[in-house]
Amino acid sequence: MKLKQLLLSTLLLASASAWAEPTYRLFVSNEKSNSVSVIDSRTGEVETTLEIGDRPRGIGLSPDQKTLYVAISAENAIAVVDVASLKLLGKLNAGDDPETFDVHPNGNLYLSNEDDAKATVINPETGEIIEEIKVGLEPEGVAVSPDGSMVLVTSESTNMVHVIDTNAHKVVANILVAARPRGLAFNTDGSRAYVSSEVGNEIAIIDMKTLKITKKSVIDIDKSKPMAIRLSPDNKTLYLTTGRAAKVAIMDADTLELKATVDVGKRVWGAELSRDGSTLYTANGVSNTVSVVDTALQKSVKEIEVGNAPWGLALDD
Amino acid sequence: MRAIILLSMLFAGLLSHAVRAETVEVRLHYVGPTEGTVWLGLQQGLNEANLQGEFLGQKYTLEPISLADLESLQSVTAVLMATNAAQIMELAQLPQFAHVPVINIVADDDNLRAACLPNLLSIAASNKMKQDALAQWHVKHANSKAVAQGWHKSFEKFAASQLNIRFTKAHGVAMDDNAWAGWVAVKLLSDTVARIQTTDAAAMLSYLRNDIAFDGQKGDGATFRDTGQLRQLLLLVENDEIVAEAPLRGVKGGLDSLGLQSCK
């Protein structure tokens with residue numbers, strides 16, 4: 001009997017690790033304290049803080065959510081962390097000044113090299129740099145389409161969204177947008193992409209079939225400098241962080257109409273949405289906090305102190 | 001040495017939206033110093049314009065021309081000038097340039113703004129802008145020896161640090177006011193060509209005056225006053241360190257608290 005139970009629990013454990021049972025950990029890169037804050041998203045408490053490397057910015061999870069990647073810009077590397085044990089597994093060479101990245105469904109990382117006007121493709125299993133793709137000045141936002149066929153990269157100082165074909169690793173289109181494009185997001189089926197422009201104070205919808213802008217909207221919020229974009233699981237609601245305006249804009253994802261604003265911390269940049277869409281987390285770079293926004297209440301319900309200059313967020317849920 | 005820069009866009013008409021568009025040659029004529037930071041700023045702007053042009057189908061080149069040769073040209077799209085105020089004033093009023101953007105890069109003379117010429121655009125901050133910035137600073141810092149500048153090598157905000165890094169990497173010297181203004185001058189024009197997809201002078205002038213929100217890497221999208229002055233923040237610098245930004249916090253009028261506000 002006991003043996004049977006033991007076997008069963010071992011099997012369950014094995015399957016749990018294969019499927020990576022979520023830890024519900026929220027990871028926050030702290031640009032100026034060279035650390036990652038690990039928050040238990042169920043309690044809102046900081047569990048621990050990891051020393052990660054010099055100038056952490058972009059942050060994200062592998063497709064199986066077992067591995068956390070953090071771009072450590074000043075070390076020209078990506079730090080690799082085991083999500084369950086929180087052990088630093090190593091650092092991958094990432095080219096000059098990696099700022100942020102997105103993870104392809106096949107596990108490869110597509111990252112922007114801010115001071116080098118290029119995008120780099122890395123296989124994290126081997127650490128090999130597969131490709132370097134020339135893009136515009138100060139590349140920033142990166143988003144892989146849901147099916148993995150395309151990657152978008154914004155270039156902040158050439159005001160473009162570059163469309164990269166992931167088979168050929170070639171730029172296939174360049175879409176001019178408002179000044180200083182930063183954040184990107186796809187809808188669930190990949191038919192649309194959204195791009196925010198920090199200096200232009202604008203958000204635009206790109207139709208991914210025609211690769212044209214079909215709609216754009218200026219953000220009607222004082223001091224707004226649009227940054228990160230997240231979409232609700234039903235693709236109806238768009239959340240946009242607005243930097244110095246210290247607010248999250250809640251918009252209709254079809255019409256780009258501003259529906260509500262939520263006060264969060266100062267210089268709000270990164271954002272992450274829970275899988276069920278109920279909670280939005282924001283990294284507030286000047287307040288040194290993470291705001292927890294209840295999306296049903298459209299209100300910040302908690303502010304969690306993290307490290308210095310929180311930049312981005314990744315949630316294992 | 002005096003500098004006159006002529007931006008002569010030989011191929012007018014619509015540019016293709018296609019990815020591998022036929023490349024449009026855009027010749028920038030330049031007269032003046034081929035050394036010093038204005039020149040380096042122009043080169044930086046040119047390099048960046050060409051990086052964008054690689055994706056969007058333009059090729060920009062810079063070519064010297066004398067003031068006399070410039071005045072003899074008829075089909076000009078835009079003129080960049082780094083000369084004294086008198087020469088700029090004279091050139092801007094020549095009939096063949098009446099609908100051509102004439103860009104004053106470095107002259108800070110207030111009369112170039114007060115003249116309110118419809119085709120004259122000034123990048124550098126005017127004398128009065130710098131005086132107003134200092135006056136705002138002196139309200140609470142009466143004995144400060146600060147100076148007002150357009151740019152500084154240690155400026156970091158608004159992605160200024162990225163511009164400082166790439167300029168110094170490319171040229172081995174720090175970006176200063178004149179380098180920034182030269183960089184702006186070329187990028188304003190390439191940004192205009194990319195956005196309106198034409199090199200028609202009058203259309204470019206209209207876009208520059210009415211529609212542009214230019215990313216000068218020092219804050220909000222930069223626009224022009226009706227005086228032709230580029231709106232911009234200024235830096236107050238003491239002992240080679242930035243001590244404040246003007247307009248100072250709490251001053252009414254924002255960027256328009258610096259310099260001549262309007263022709264009206």
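**View 1. B:Gln197 is a buried loop residue.** In this predicted model, the relative accessible area of B:Gln197 is 11%. That counts as buried because the cut-off is under 20%. B:Gln197 belongs to the loop that links α7 (177-196) and α8 (201-210) of chain B.

**View 2. A disulfide links B:Cys116 and B:Cys263.** Over all chains, the structure holds one disulfide. The S to S distance is 2.0 Å. The link is left-handed, with -105° about the S-S bond. B:Cys116 sits in the loop between α4 (110-114) and β6 (120-122) of chain B, and B:Cys263 in the segment after β9 (241-246) of chain B, so the bond ties together parts 147 residues apart in sequence. B:Cys116 is partly exposed, at 24% relative accessible area. B:Cys263 is also partly exposed, at 33%.

**View 3. Four strands of chain A form an open sheet.** The order is β12-β13-β14-β15, with antiparallel pairing. β12 (139-144) and β15 (170-176) stand at the edges. Each has a single partner strand, so one side of each lacks a neighbour in the sheet. From one strand to the next, the twist averages 20°.

**View 4. Strands β14 and β15 of chain A pair antiparallel.** Six bridges join β14 (residues 160-165) to β15(A). A:Val161 stands opposite A:Ile175 in β15(A).

**View 5. A helix of chain B lies across two strands of chain A.**

How values were computed
Residues numbered from 1 in each chain as written. Chains lettered and ligands numbered in written order. Predicted model: local features only at pLDDT ≥ 70, side-chain atom pairs only at ≥ 80, totals over all residues. Heavy atoms only, no water. Buried < 20%, exposed > 50% of the residue type's maximum accessible area, 1.4 Å probe, protein only. Disulfide = S-S within 2.5 Å. Pairing = 2+ DSSP bridges. Axes fitted to C-alpha atoms, helices over the stretch in contact; angles between N-to-C directions. Contact = heavy atoms within 4.5 Å.
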